[in-house]
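Please have the sequence and the model open as you read.

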Amino acid sequence: MTPHPTALTSCHAASVIRSASSRQPTVYLLDNFHPDVIAFCEANFNPITQKNNPEELAKWRENAQYILVRGSRVTAEDIAAAPHLKAIGKQGVGIDKIDAAACKARNIQILNTPGINAQAVAELVLALALGVARQLGPVLAKQAHGILVPKEQCIGFELRGRTIGIIGMGNIGSAVSKIFGAGFDCPVIAYDPFVPAGAWPNIPHERASTLDEVWAKADIITVHMPLTPETRDMISYDQMKAMKPSTILINAARGGIINEHDLERALSEKLILGAGLDCHEEEPPSKDKYGAMWDLGVMSTPHLGGTTADSQRAAGLKAAENLLQFIQKDTTV
Ligand SMILES: O=CC(=O)O
């Protein structure tokens, strides 16, 4: 007679949970996912979710070989407490919430989905730029409280013809260059010492060899790179001082790349025109921390750049597919 899984020691539990469900590999879904992602997981895995087995999900550290995450943190402590863990499927490109060094030390694979939410993020960059240019933030906020702003007080400007400076020409930066360059006739100046120019989209652009060229020429500056020790505070007061007073600064990448304290100072000193932040050092952005910036007209959204139904579905499916491929090749099962 097969003993009940809970009667076994934890080192045997993972294999028991795996065999308990008709040979499908057990995957722990640490977050909520698009219904099509859940359906894929049900067809290919034995998925453990908050809905179908919250008690087992809480024990993922003890038992899991494979996990699927969207926004959950996976810390070095989690890794240390997860002796069976082999792979993490990650919906989305950024892996800054996962302790990559701890995973590397244990040879745990992180399978993320670069590129899939690029269009969604690039479209939000456009929305933020338009929002700042047309003062939509303050106008809509006042209107929601019944205060109509006379249109003479909100004379905006068009994006057409204004230079877009793109720092980081990976998937998202490239998508931004197409939207602004082809869609709005914006001259494009781009900086990325790591991506070969041949890999850039076929959009007329100037390739900057220094960031100073971007500060000097661009009217809209948008950053598209991960947060690393090298990129932290990459745009601080001195850089803002070097920008044109017409500059709109946008961060839809990661909080911390633009120094927020310096941004508030630069805006109040009118060194630059405005800013759009989808990513903040403190998320979700609270009124207590960001109210002063909002009063200065900063368009602020709660890190929703990649969060469209289309991209959630596609990136979630890709992460689950990545995990399936990994499991099919996993000879240590
Ligand atoms: O922020 C979104 C992502 O990392 O995909």
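## Helix H14 and its neighbours

The buried residues of H14 pack against strand S1 (26-29), helix H2 (35-44), strand S3 (66-69), strand S4 (87-90), strand S5 (109-111) and helix H7 (118-133). Please keep in mind that this is a predicted model, in which local features need pLDDT of at least 70 and side-chain atom pairs count only at pLDDT 80 or more, while totals for chains, interfaces and linings use all residues. Residues are numbered from 1 along each chain as its sequence is written, and side-chain values use heavy atoms, with hydrogens and water left out.

Helices (H or I, at least four residues) and strands (E, at least two) are DSSP runs, numbered from the N terminus. Buried means under 20% relative accessible area, exposed over 50% and partly exposed in between, with a 1.4 Å probe and protein chains only. Contact means heavy atoms within 4.5 Å.

Among the buried residues of H14 are Gln312, Gly316, Leu317, Ala320 and Leu324.

## Two helix pairs

Axes are lines fitted to C-alpha atoms, for helices over the stretch in contact, and angles run from 0 to 180 degrees between N-to-C directions.

| Pair | Angle | Axis distance |
|---|---|---|
| H2 and H14 | roughly 20° | within 8 Å |
| H7 and H9 | about 50° | 8 Å |

Angles under 35 degrees count as roughly parallel, over 145 as roughly antiparallel, 65 to 115 as roughly perpendicular and the rest as oblique. H2 is therefore roughly parallel to H14, whereas H7 and H9 are oblique to each other.

Where do H2 and H14 meet? On the H2 side are Asp36, Val37, Phe40, Cys41 and Asn44, and their partners in H14 are Gln312, Arg313, Gly316, Leu317, Ala320, Glu321 and Leu324.

## Two buried residues

Phe40 lies in helix H2 and, at 17% relative accessibility, counts as buried. Not counting residues up to four places away in sequence, Phe40 touches Phe45, Leu317, Ala320, Glu321 and Leu324.

Thr49 is found in the loop between strand S2 (46-48) and helix H3 (54-57). Thr49 also counts as buried, at 12% relative accessibility. Leaving aside neighbours within four places in sequence, Thr49 is in contact with Leu29, Pro54 and Leu57.
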